[in-house]
Amino acid sequence: MNKYMDRNRSLGEFVHGEDDDIIICRCEEITKGEIRRAVHEGMMTMTEVKRYLRAGMGLCQGNTCGKLIKGIIARELEISASQIEECTARGPARPVEINVLGNEVESNE
Amino acid sequence: MMKRYDLIVIGAGPAGLSAAIQAAKNGVKVAVFDENKSPGGQLFKQIHKFFGSKEHKAKVRGFRIGQELLKEAEQTGVMVHLNAIVMGLYNNKEIMVNENDQTNHYKADSIIIATGARENMIPFEGWTLPGVMGAGAAQTMMNLHGVKPGSKVLMVGSGNVGLVVSYQLLQAGVEVVAIIDAAPRVGGYGVHASKVTRTGVPLYLSHTIVKAEGTETVSGAVIAQVNSSFQKIEGTEKHLDVDTICIAVGLSPMSKLLKMAGCKMEEAAGDIPGVDENNQTSLEGVFIAGDVAKIEEASSAMITGRISGISAGRYLGYIDDEVAGNDISKLKNSLAQLHKGMFSPENKGRIDIEETDEGYKTSESLLKKGYIDDNEILSFPGVPKKKVVGIHPVIECVQNIPCNPCQDACKNGCIKVGEIITKLPAVDPDMNCIGCGLCVALCPGQAIFLVDDDYSDDYATVTLPYEFLPYPKAGTKGIALSREGKRVCEAEVLYCRTNTAMDHTALLTIKVPKEMSMKARFFTAKEAL
Ligand SMILES: Cc1cc2nc3c(=O)[nH]c(=O)nc-3n(C[C@H](O)[C@H](O)[C@H](O)COP(=O)(O)OP(=O)(O)OC[C@H]3O[C@@H](n4cnc5c(N)ncnc54)[C@H](O)[C@@H]3O)c2cc1C
């Protein structure tokens, strides 16, 4: 099994890092330490971290922090960031007010 | 019924507009969607002159290229939907758009995605404070909205974006306190670095940002030196007095819509879409162009846009195979010209280039200090080695970058680049320079100066490109600065020339002591004694 998928692998004890308090996801105010801890608690993909912490789920939809989160997970798992799958892409690609989404125009003329 | 087009283009930047125009010219019914209130993508922020050759619209300022594209789009009947945020793209070539507080759906037989790129960020203590922003955001504030992003800026990143935006900040009257980069070398073009260093902006290479200080907004920054593995060296911290921190550390493609539709990426987990030689993705009839395909420049975005426009036209049956094939191969040749030289895709990130294509030793100091050292300057073909009588150009362009406006600018044939536009410009030693200064004004890198060592017994003149308002008047006394941005001598403005062809690059002619003619490269009246 490749290293990435091996969920039984021990990551060692969680050690607090000096920059753990830095906010990574600005929209949802999630810190680096929270993301690192989530990985230690078993969240090994971008999607898992997103659902666990809401990192990348805010107004900018991960446009700013996506790449940073990927890097943090990769470093924690000691693998290359290019192995880490991005979150599933789904519409709406940009944040939208629910009244706009509800105001769906079926027939365009 | 859902509204249908032959072709939907997402993104109205240089790539999207070029694609739409190219397709519409061939009879395709095209609609372009862009989320902004005006089209043009990044182009309208780009107030500087572009590199390349004539066919790449070299020496034209970015926003003017934008205006030309818009006019062409209108003439060819491209329908442009503005304030239209494309929220979804589905594999049946349907898009979902947020327009006028409504969710609209449109369908087409072919789609071109030209959504561009977004700026990368780096996190550090205090990076969420107001005053920390992307360099592109600062550029948008200044050049689109006429708002100064701050009054004292730290630029993080010495790539072309960091350097160009620093220069534009200076033009807007903002102080650029420093440009830093974690790498030990300047990332962008040497000419872009030189035009900021000679104004006195310090460049700190092998430095990183440690923190943004401040409680409500940025009130300072701490930078520190890094070692060869980019780790901070303790004890090297330095405080800078700034109110704004601009981040220019690269761009990433905005390829989410493509993923949503199910396009395969180049690397399974990456954000770069995989394409064939006609810019078609893994989905038939879905093409890409511009920065979303590969982070490059507006010049290449326009070419890849046109290639995709033709490919879509062919896919839709409007352009026959042979014509399309021919047109695409011509465009690829044009693209190949931009892909040569020291900054070509193959050479990207290389730090071991010791010689130029012609065999000149590369300038060490340019990459390490941001300017060419006095002891290196004479070795390049644009700088006369022996004494030239009377006025003559001195071309301080020493890297193989795709650019040749200087050659066309000189009607007397003093300057030669040749067929390959990445060659260094050479100055003919027996030239017949009339001092018109067009080469100075039209060089997008602002790397050409006119020197006249025979102005008088004691004085020489130096004519330099100048783009800062207000222009100093004749008779203004001030200080001449060196390539390094250090004061070298007192100087006096003899005249300041402008005309339409020079397009807002004025020619400032200053009088300096004779021995300073190869040192004085900028003028400042501020510190006049
Ligand atoms: C600061 C800076 C300086 C630069 N300087 C130069 C230079 O000197 N010379 C040069 O050649 N190049 C330069 N470039 C690069 C150049 O700007 C880009 O390569 C070029 O703009 C890419 O064109 P594009 O059409 O692919 O993307 P863009 O110009 O970014 O256009 C994409 C458009 O799509 C829109 N869009 C994206 N997603 C959606 C959506 N879901 N719905 C609706 N609309 C959407 C965007 O808002 C944007 O308007 C610079 C770039 C930057 C950031």
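Q: How many residues of chain B are in contact with chain A?
A: In this predicted model, 35 residues of chain B are in contact with 30 residues of chain A, where contact means heavy atoms within 4.5 Å. Chain B and chain A bury about 2800 Å² between them; buried area is the accessible area (1.4 Å probe) that two parts lose on being put together, summed over both. B:W127, B:K256 and B:A269 supply 20% of the area that chain B buries against chain A, more than any other three residues.

Q: What makes the meeting of the side chains of B:E35 and A:R94 a salt bridge?
A: A salt bridge needs a side-chain nitrogen of Lys or Arg within 4 Å of a carboxyl oxygen of Asp or Glu. The N to O distance for B:E35 and A:R94 is 2.1 Å, so the pair is called a salt bridge. The count between chain B and chain A is two salt bridges.

Q: Why is B:Q139 called buried?
A: Its relative accessible area is 8%. Buried means under 20%, exposed over 50%, partly exposed in between (1.4 Å probe, protein chains only), so B:Q139 is buried. Among the residues that B:Q139 touches, not counting those up to four places away in sequence, are B:K45, B:H48 and B:V164.

Residues are numbered from 1 along each chain as its sequence is written, and chains are lettered from A in the order in which they are written. Local features need pLDDT of at least 70, side-chain atom pairs count only at pLDDT 80 or more, totals for chains, interfaces and linings use all residues, and side-chain values use heavy atoms, with hydrogens and water left out.
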